[in-house]
Amino acid sequence: MNAPHNSRPVEEFNALLSALRRVCGEDAVCCDPSDLHFASLDLFFEGFPPLAEISPQNTQQMVEIVRLCREHSVAICPRGGGMSYTKAFQPPHNAAIAIEFSRMADVREIAAEAGHVTVEAGCTWAELDAALAKHDRRARFWGPMSGIQATVSGSISIGTVTFGSGTTGASANAVKSFEIVTGTGEIIHTGSDGTPGLSPANRNFGPDLTGIFANDNGAMGIKTAITLEIEPRPVHVNGLSFAFDDFDAMATMFGEVAQRRLASEVIAMDGDVARQNAGNPDLVEDAKAMWRVGKAAGNPIGALNRMGRIALGGRRFLDKAKYTAHFVVEGRDKAELSSRIKAIRALAKGGGEIVNTVPLMTRATPFPPLPVTHPDGRRLLPIHGIFTPEAARAFHRDYVALKDDFAERMSTAQVTIAEFFAAIAGVGVLYEPVFYWPDALTEYHRRVTPEAMASALAENPDNAEARALVREFVAAFTELTRKHGGTHFQIGRTYPYAQHREAGAGSLLRALKSELDPDNILNPEALGL
């Protein structure tokens, strides 16, 4: 690129914007200042507002966008569903456009017998799951909890877990092929469909090119379509929950369950946050929730049984637990379901079984409207590390000490932390603290908060002290994660990656980036590139 990006005059880009309007249409090029400010925000961070937000309608338009931006030395930042919290998509300078894919959200093909589905970049996980349900299928990994808004391409670009992670692992494991537009405008199909005349059925037809573009934050190529492996929807689903007072016992169990792939979803939280987020009893809302759980049981007798157990258990399981761990269990038939449940119970050493409200609620409403603040309106920020079970136990001890070191300052700044956990098949344990603090809300919070939750948005004064303290803790947490051999999803521009690659791997990474994106216009600075 030719000049310092943050000093290029806006008038320099008029020819580019005119050309983009000719390619995509007037209404596909948004230059409204408030919309561009919103496109520069995620849950916590702010980047430069882009020159424009572009909404391509097809892959060929995306090719033309890349060619025009390359000609004008302008960066391209794909935004996905905008649910990042690691500065994954924000422009790092003013010579950039944002891409949003709401006009490219079709399900192109459902090949039920062949076992795959191809969707365009803007399709959300909730939309995909609804389309596959009509064929009695689902994706093998079928989305994060934010799937009502998170797009398939965005989630797989940053890496994510939740639904199916207990058996499949992370999101990228379910991908068969990508349709990629590179930084030179070339279209690449990464699976067996990279050979003319073949379908995308086989990811491993030769070297695995698909993996290069998974978890790349869009820095290696722009995903315009994704082919995922699909499977029949489960016939029998149930849940188990346990209370633990000892983190080590819970982490050990998570590792054992994940290695055996006994549960589809394995999640946990500290007892304080479970009690806090449960709120006061609301008979109307509880009845609605129980009805959803009942419908998920699949038959009237099962529905009544589940609703009765939840009604009897109520919120009592939250009264004393230090941690609560929850397992969604599936089976092809009742015998398999029973066998898995029996095996999980046998592994729950140190944990006492409690009412299974949380896993049943989770499966009954897998993609709920997701708040981007605390229920009381405070701002929030998640961070995370991923560890083997053994490393998670050692990390936990040092993390508790780190939190103690910050405790007095956090109390003064009104910053609190809650912890969430998950098991990931083939990887280990995800350890996710979430910060909460009173602070002025941004345009991101106002636009993304679900309408039903908007009344809870509190008008707090600006709290720069708390934000600075959160940033300091994030830096210390990240260094502690590295010390214990931890890794990350959603690397963005927050977690270090390219900076610490070994010499051979780092050279290969940069060579691939240079080949695919020689002018560094694809989400520059993401992954540390």
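Mentor: Contact here means heavy atoms within 4.5 Å, and helices (H or I, at least four residues) and strands (E, at least two) are DSSP runs, numbered from the N terminus. The model is predicted: local features need pLDDT of at least 70, side-chain atom pairs count only at pLDDT 80 or more, and totals for chains, interfaces and linings use all residues. Residues are numbered from 1 along each chain as its sequence is written, and side-chain values use heavy atoms, with hydrogens and water left out.

Trainee: What percentage of the residues of the chain count as buried?

Mentor: The secondary structure of the chain comes to 16 helices and 18 strands. Among contacts between residues at least 6 apart in sequence, 76% join residues at least 24 apart. Buried means under 20% relative accessible area, exposed over 50%, and partly exposed in between (1.4 Å probe, protein chains only). Of the 529 residues of the chain, the buried share is 55%.

Trainee: Is helix 13 roughly parallel or roughly antiparallel to helix 15?

Mentor: Axes are lines fitted to C-alpha atoms, for helices over the stretch in contact, and angles run from 0 to 180 degrees between N-to-C directions. Angles under 35 degrees count as roughly parallel, over 145 as roughly antiparallel, 65 to 115 as roughly perpendicular and the rest as oblique. Helix 13 and helix 15 pack at about 170°, their axes being 11 Å apart. The orientation of helix 13 to helix 15 is therefore roughly antiparallel.

Trainee: How many charged residues are in the contact of helix 13 with helix 15?

Mentor: On helix 13 the contact includes Phe-395, Asp-398, Tyr-399, Leu-402 and Lys-403, and these and their neighbours meet residues of helix 15, including Glu-465, Ala-466, Leu-469, Glu-472 and Phe-473. Ala, Val, Leu, Ile, Met, Phe, Trp, Tyr, Cys and Pro count as nonpolar, Asp, Glu, Lys and Arg as charged, and the others, Gly among them, as polar. By class, this contact of helix 13 with helix 15 has 12 nonpolar and 2 polar residues, while the charged residues number 6.

Trainee: On which residue is the kink in helix 13 centred?

Mentor: The buried residues of helix 13 include Phe-395, Tyr-399, Leu-402, Phe-406 and Met-410. These buried residues pack against several elements, among them helix 7, strand 17 (416-424) and helix 15 (464-483). The bend at a residue is the angle between axes fitted to the seven residues ending there and the seven starting there. In helix 13 a kink of about 50° is centred on Ala-407.

Trainee: What is the handedness of the crossing of helix 7 and helix 13?

Mentor: The axes of helix 7 (residues 247-260) and helix 13 (residues 389-413) come within 9 Å and cross at roughly 160°, and the two are therefore roughly antiparallel to each other. A crossing is left-handed if the near helix is turned anticlockwise from the far one by less than a right angle, and right-handed if clockwise. For helix 7 and helix 13 the crossing is right-handed.

Trainee: How many nonpolar residues does the contact of helix 1 with helix 3 have?

Mentor: Helix 1 (residues 14-24) and helix 3 (residues 59-71) pack at an angle of about 170° with their axes 10 Å apart. Helix 1 brings Leu-16, Ala-19, Leu-20, Val-23 and Cys-24 to the contact, and helix 3 brings Gln-61, Glu-64, Ile-65, Leu-68 and Cys-69. By class there are 1 polar and 1 charged residues, and the nonpolar count is 8.

Trainee: What is the C-alpha to C-alpha distance between Met-62 and Val-181?

Mentor: Met-62 is found in helix 3, where it counts as buried because its relative accessibility is 0%. Not counting residues up to four places away in sequence, Met-62 touches Pro-56, Ile-76, Ile-99, Phe-101, Val-181, Ile-222 and Thr-224. Met-62 and Val-181 are 119 residues apart in sequence, yet their C-alpha to C-alpha distance is 7.3 Å.

Trainee: Does Asp-245 count as buried or exposed?

Mentor: Asp-245 lies in the loop between strand 11 (236-244) and helix 7. Its C-alpha is 5.0 Å from that of Lys-322, although the two residues are 77 apart in sequence. Because its relative accessibility is 56%, Asp-245 counts as exposed.

Trainee: What is the phi of Asn-523 near?

Mentor: Asn-523 is in the segment after helix 16 (503-516). At 1% relative accessibility, Asn-523 counts as buried. Its phi is positive, in a residue other than glycine, and is near 40°.
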